Amino acid sequence: MSITCTTKPKKTKWLKLLFFSLLIKPIITILIGLRIYNRELLPCFGPAIVVANHNSHLDAVVLMSLYPLKTLSMVRPVAAADYFFRNRFLSWFSKNILDLVPIERNTLTNKEDLLQPCHQALADNQILILFPEGTRGEPEQRQPLKKGIFYLSQAHAECTVTPVFIYGLGKTLPKGEKVIVPFFSDIVIGQPVPSAPNATDYIANLQLSFDQLAQKIKTDRYII
Amino acid sequence: MNHPLFGIPNIIFITFGGIYSLLCLGSLLIYRLKHRLAAHDYQELTKRINAWWVMVTIIFGAFLVPEGFTITAIGFLSFFAFKEFVSLIPTRRTDHRPIFWAYIAIPLQFYWIYIGWYGMFIIFIPLYMALFLPMRMVLIGNTKGFMTAASTINWLLLFTVFCLSHMAYFLKLPEHVNEHASNYGFILFLVLLAQFNDVMQFTWGKLLGKHPVLSTVSPKKTTEGFIGGLIITTLLAYLLAPFLTPLTVWESIGAGLMIATFGFIGDVSISAVKRDLNIKDSGALIPGHGGILDRVDSLIYTTPLFFHYVYYLHY
């Protein structure tokens, strides 16, 4: 199955906006409840990338819900095509509602081809949500980061990479669970990740940013 | 006399008028003291009083809507308190489903109240849920930390849902006993006194406080604050009871003493939980006050105690 990434900048995606304003935003506000730190650091113009740790299917929709409706059309999560486009209903939902940027992680081996949809989206001044851990981990456990984010940031000089740390959604809807059990969740947004000459250093920078953000939740909450 | 439009007694409106006047006075006082206070204290006090304006208005709104909505609003209060509490404690991965069922117990509990089924309302959580949740955990099969998990989840449900839900059952009591103020009078009397007691304990503690009353739990609480709150709250109970409740003079003094004392106990219980977990505030829902648990803590013990006090004496 091949997915063509059609990005039309400046186009309002009504279905997506309707879904978020009527369903996702109220559910997240009333049912789950978020504590957001440094909301002002969230990039509101593309091209930009938001990178976050990944423990739950809720991560992407919650990050999208942080955006006002007028920016939301430009915000798109990057996701695995083989998973999110595995049947017709899910494909339709992933394409029209979530507005995913699909990554063909199984069929393409060349990394330039793999990241092509992301390059295209960034070239169209969109804001990407990306999970460098690649997949959801066990609840509230972190996994090694993948290097794709480095190549993306290299290719788009003007694009900022903003780290976000999420705590609590992995308890609300962990991998393998079907029911949402509300837990108040924390979201910390950090300063853009500093650039680096090679992938290893860049990933180390990103890891350090995540560590600091995780620490921020701890120091704000707990008496140390 | 009932208000022609909202169907609740005029005395409720008059009491809210009094509360709003107090808030005006408070806001004015803080504004006048602006230059005499440190910048931090001023901001903190302004935030707190502004939050009070919002909270009083929400409660007022919940009184004006039809009874079913009032019960639902109290249900949401329980839901937020439970959610805040369950988010603070360490939970096991395998308790995902049992906690889901604990959440389901909230609408059920308030449904029993809505249909006025007293027998079910009074045993549903302390009996059926207390048996069901550990059973669900056993059937999942994780024995590591089983006792802690089974007891904490039940205890949370008891505190935040069972205890607080008594507030809603006031509305289902027979109406002839408290005819002049209606059953809303009980809720207003209880909430007003419990919150007033909190503010008074805080104020007297700030003004005169020297001797810590329970230093291992809450270092800021003082004997002077507690006694000051107790006296003022009991006095207010004595003054308000004839308007809002059918309580006699001595009964109203008893109610005042009880609400002040057990408001304090609820307050320090939540402080003990936070201290146990090394947490500063239970949440960030109410600016200047912390979380919703920090605000309803004084209602956890007082609500069921006051309910059964009134129930025993007058029904």
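**The core of chain B and its surroundings**

Tutor: Leaving aside residues up to four places away in sequence, B:Leu193 is in contact with B:Thr233, B:Leu236, B:Ala237, B:Gly256 and B:Ile259. The model is predicted, and these contacts are computed from it. B:Leu193 is among the residues with the most contacts inside the largest nonpolar core, which has 86 residues; the others named with it are B:Ala81, B:Phe82, B:Leu157, B:Leu164, B:Leu190 and B:Ile259. Helix H7 of chain B, residues 184-208, gives this core its largest share, 13 residues. Apart from this core lies another, of 53 residues, including A:Leu115, A:Leu122, A:Val161 and A:Tyr202.

Next, helix H3 of chain B. Helix H3 covers residues 67-88, and its 22 residues reach 32 Å from first to last C-alpha, close to the 32 Å expected at 1.5 Å a residue. Of these 22 residues, 16 are buried, so H3(B) is mostly covered.

The contact between the chains takes 15 residues from chain B and 15 residues from chain A. On the side of chain B that touches chain A, H3 and helix H4 (96-114) each supply at least two residues. That side has six nonpolar, five polar and four charged residues.

An unreviewed UniProt entry places the feature "transmembrane region" at several spans of chain B, among them 100-133 and 225-247. Residues 100-133 of chain B are 91% helix and 0% strand, with end C-alpha atoms 10 Å apart. For residues 225-247 of chain B, the figures are 87% helix and 0% strand, and the end C-alpha atoms lie 27 Å apart.

Note on methods: Residues numbered from 1 in each chain as written. Chains lettered and ligands numbered in written order. Predicted model: local features only at pLDDT ≥ 70, side-chain atom pairs only at ≥ 80, totals over all residues. Helix = DSSP H or I, 4+ residues; strand = E, 2+ residues; numbered from the N terminus. Expected span 1.5 Å × (residues − 1). Buried ≥ 20, exposed ≤ 12 C-beta atoms within 10 Å, placed from the backbone. Core = buried A, V, L, I, M, F, W, Y, C linked by C-beta atoms within 7 Å. Contact = placed C-beta atoms within 7 Å. UniProt positions renumbered as here; feature names shortened; annotations may be inferred. Nonpolar A, V, L, I, M, F, W, Y, C, P; charged D, E, K, R; others polar.
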